[in-house]
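Hi,

Here is the structure I said I would pass on. Have a look at it first, and my notes on helix packing and salt bridges follow below.

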Amino acid sequence: MTERDYYEILSVERTADEGEIKASYRKLAMKYHPDRNPGDATAEEKFKEATEAYEVLKDPEKRQRYDQFGHAAFNGQGGGGFGGFSGGGFAGFDINEALRAFMRDFGGGGGGGGFEDFFGGGAGRARSNRGEDLRVRISLTLEEIATGVTKKLKVNRLGICQSCDGSGAAAGSAAETCRQCGGAGQVRTVTRTFIGSIQQVRTCPQCQGSGKTISHPCAECGGEGRAKVAAETEVEIPAGVSEGNYLTVEGQGNGGPHGGATGDLQVVIQEKEHDHFVRQGDDVIYQQMISFATAALGGKLEAPTLRGSQTIKIPSGTQTGKTIKLRGEGIPHLRHYGRGDQIVILTVWTPTKLSGEDKKLVEAMERCEAFQPPKHDKSFLQKLRESLGV
């Protein structure tokens, strides 16, 4: 389909404010919504078209990019073009995505002239028909967290039943409009009190909110219109995530019963324990062992980092516990520019096995005054007592 101008689709001027854009979209959505036009492919396309235009023009940043570059501002961005919508025009724009976007801003809940004002309670059916969200955990190494990574996930989810094509009805039969709710998916009860009437709206118990009843259910799916499928999805994980962070992949959860909207997939991040590094916020801690000779004389060593290795200079007279900071060699900050640091903690290695010749060398060193530790004076002992409170 040819990409039409978003302002033309919504019939608003390029100078239209947010209120005008929203009002125009509501009018078009009410006219072309699938619930008002069941089985009408043309109306469905117009609903998707109007929703895509609204999703861009209601957002100041996206609108500015569109005004400057047109449709080219979003082409080639895949699923991130319109905050979850396909970036290559209407051909890849899923009706479930459009319905979710519509329900997000106009799903009722009071005060906003929402979905219930349009269709007299249909929102309850749309919400109850939505598939469940799924949650999976993914384990990442510190190296993957430091650079960002794209992962392919295999997810067992509920998709459209192939036997009944999602209708839930057995071959040769069809779903019927629910007699109890008349297809609305909701029933209303009125209770009269001495101060007036109280109306209550609840999901229809006969059709469970679908608006349809099935006399002869599909043997494969039991009448739900969905069955288990093995799906594969690709998730792009940004650098700097932490244990417990999660990403939401829209439309990759369970499909809704009887062709309802698809739920989302939440990908929860777990960190694998590293053999050498310990993460502390966005800093990375590494313990570097050095020999007594290097500690006494100084020297240079190659220390591993998450991005390779780096030469560090060991000053002469180094004591165990001294730290060296490698700036920018830690984890990238997730929400702003820059990276953490790598803290190298130096530890002087004491040999545990000595040959006879080695022992003679150490004994010779022991007799030298330079190798004797300093003696503590009274001022040091006094400070120690004060710190201990004795």
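Helix H2 (residues 18-32) and helix H3 (residues 41-57) have axes that come within 9 Å and cross at roughly 165°. Bear in mind that this is a predicted model. Angles over 145 degrees count as roughly antiparallel, and H2 and H3 are therefore roughly antiparallel to each other. The crossing of H2 and H3 is left-handed.

Which residues make the contact? From H2 you get Ile21, Lys22, Tyr25, Leu28, Ala29 and Tyr32, and on the H3 side there are Ala43, Lys46, Phe47, Ala50, Thr51, Tyr54 and Leu57. Sorted by class, that H2 to H3 contact has 10 nonpolar residues, 1 polar and 2 charged.

Now the salt bridges. Side chains of opposite charge can pair when their charged atoms come close. With the cut-off of 4 Å between nitrogen and carboxyl oxygen, the count comes to 14 salt bridges. Three of them might interest you.

Glu49 with Arg4: the closest N and O atoms of this salt bridge are 3.0 Å apart. Glu49 sits in helix H3, while Arg4 belongs to the segment before helix H1 (6-10), so the pair ties together parts that are 45 residues apart in sequence.

Glu45 with Lys48: here the closest N and O atoms are 2.9 Å apart. Both residues are in helix H3, and because they are 3 residues apart, about one helical turn separates them. Glu45 is partly exposed, with 28% relative accessibility, but Lys48 is buried at 7%.

Glu132 with Arg226: their side chains meet in a salt bridge at 3.0 Å, N to O. This pair links distant parts of the chain, 94 residues apart: Glu132 is in the loop between helix H7 (122-128) and strand S1 (134-140), and Arg226 is in strand S7 (residues 226-237). Glu132 counts as partly exposed, its relative accessibility being 37%. Arg226 has 7% and counts as buried, since the buried class means under 20% relative accessible area.

Cheers

Conventions:
Residues are numbered from 1 along each chain as its sequence is written. This is a predicted model: local features need pLDDT of at least 70, side-chain atom pairs count only at pLDDT 80 or more; totals for chains, interfaces and linings use all residues. Side-chain values use heavy atoms; hydrogens and water are left out. Axes are lines fitted to C-alpha atoms, for helices over the stretch in contact, and angles run from 0 to 180 degrees between N-to-C directions. Helices (H or I, at least four residues) and strands (E, at least two) are DSSP runs, numbered from the N terminus. Angles under 35 degrees count as roughly parallel, over 145 as roughly antiparallel, 65 to 115 as roughly perpendicular and the rest as oblique. A crossing is left-handed if the near helix is turned anticlockwise from the far one by less than a right angle, and right-handed if clockwise. Contact means heavy atoms within 4.5 Å. Ala, Val, Leu, Ile, Met, Phe, Trp, Tyr, Cys and Pro count as nonpolar, Asp, Glu, Lys and Arg as charged, and the others, Gly among them, as polar. Buried means under 20% relative accessible area, exposed over 50%, partly exposed in between (1.4 Å probe, protein chains only).
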